[in-house]
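Please look over the model below before reading on. My notes follow as numbered points.

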Amino acid sequence: MGKSLNIYGQKVDIVEEDLTRANLAGYYYLESKKITICKHQDKDQKKRTLIHEFIHAVCHIQGWNQTALTNDLQELICEHFSNALCDNFDIKIKKRAPGKPKARKKK
Ligand SMILES: [Zn+2]
């Protein structure tokens, strides 16, 4: 992809790598503010993963890690918001198939 996002004035880079060994669809790296997407996904899956990680980035930049919100709850929020956004804003994205890598935040 080689792109970047502007989230509340902060630059968040997007890169693609092979994450199959880590069994991840993608992750947001807090320290370097970078989203990594597994390159072995189809276009729609990449978009879905990117939206999920984008929400992680927004939450992090807004300081959610300093709240009492657990990582599990943040995962649920990111997953449900990305699903609801895709369903309502005409983003054609397949639901994650069972056994596929799960998008997860990595510290
Ligand atoms: Zn996640």
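1. Where pLDDT is low, the predicted coordinates should not be read in detail.

2. This is a predicted model: local features need pLDDT of at least 70, side-chain atom pairs count only at pLDDT 80 or more, and totals for chains, interfaces and linings use all residues. Residues are numbered from 1 along each chain as its sequence is written.

3. Overall confidence: the mean pLDDT of the protein is 85, and 83% of its residues reach 70 or more. Helices (H or I, at least four residues) and strands (E, at least two) are DSSP runs, numbered from the N terminus. Confidence is highest in S4, at 97, and lowest in H2, at a mean of 90.

4. Strands S1 (residues 3-7) and S2 (residues 10-17) run antiparallel, joined by 5 bridges. Strands pair if DSSP finds at least two bridges between them. Ser4 stands opposite Asp13 in S2. The hairpin of S1 and S2 has 2 residues between the strands, and Tyr8 takes a positive phi near 50° there.

5. Helix H1 covers residues 43-61, 19 residues in all. From first C-alpha to last, H1 reaches 26 Å, close to the 27 Å expected (1.5 Å times one less than its number of residues). Gly63 follows H1, with a positive phi near 85°.

6. What do the buried residues of H1 pack against? They pack against S1, S2, strand S3 (26-29), strand S4 (34-38) and helix H2 (71-88). Ile51, one of the buried residues of H1, is in contact with Ser82, Leu85 and Cys86, leaving aside neighbours within four places in sequence.

7. Why does Ile35 count as buried? Because 24 other C-beta atoms lie within 10 Å; the cut-off is 20 or more for buried, 12 or fewer for exposed, and partly exposed in between. Ile35 is found in strand S4. Beyond neighbours within four places in sequence, Ile35 is in contact with residues including Val12, Leu50 and Ala57.

Notes. Contact = placed C-beta atoms within 7 Å. pLDDT = per-residue confidence, 0-100.
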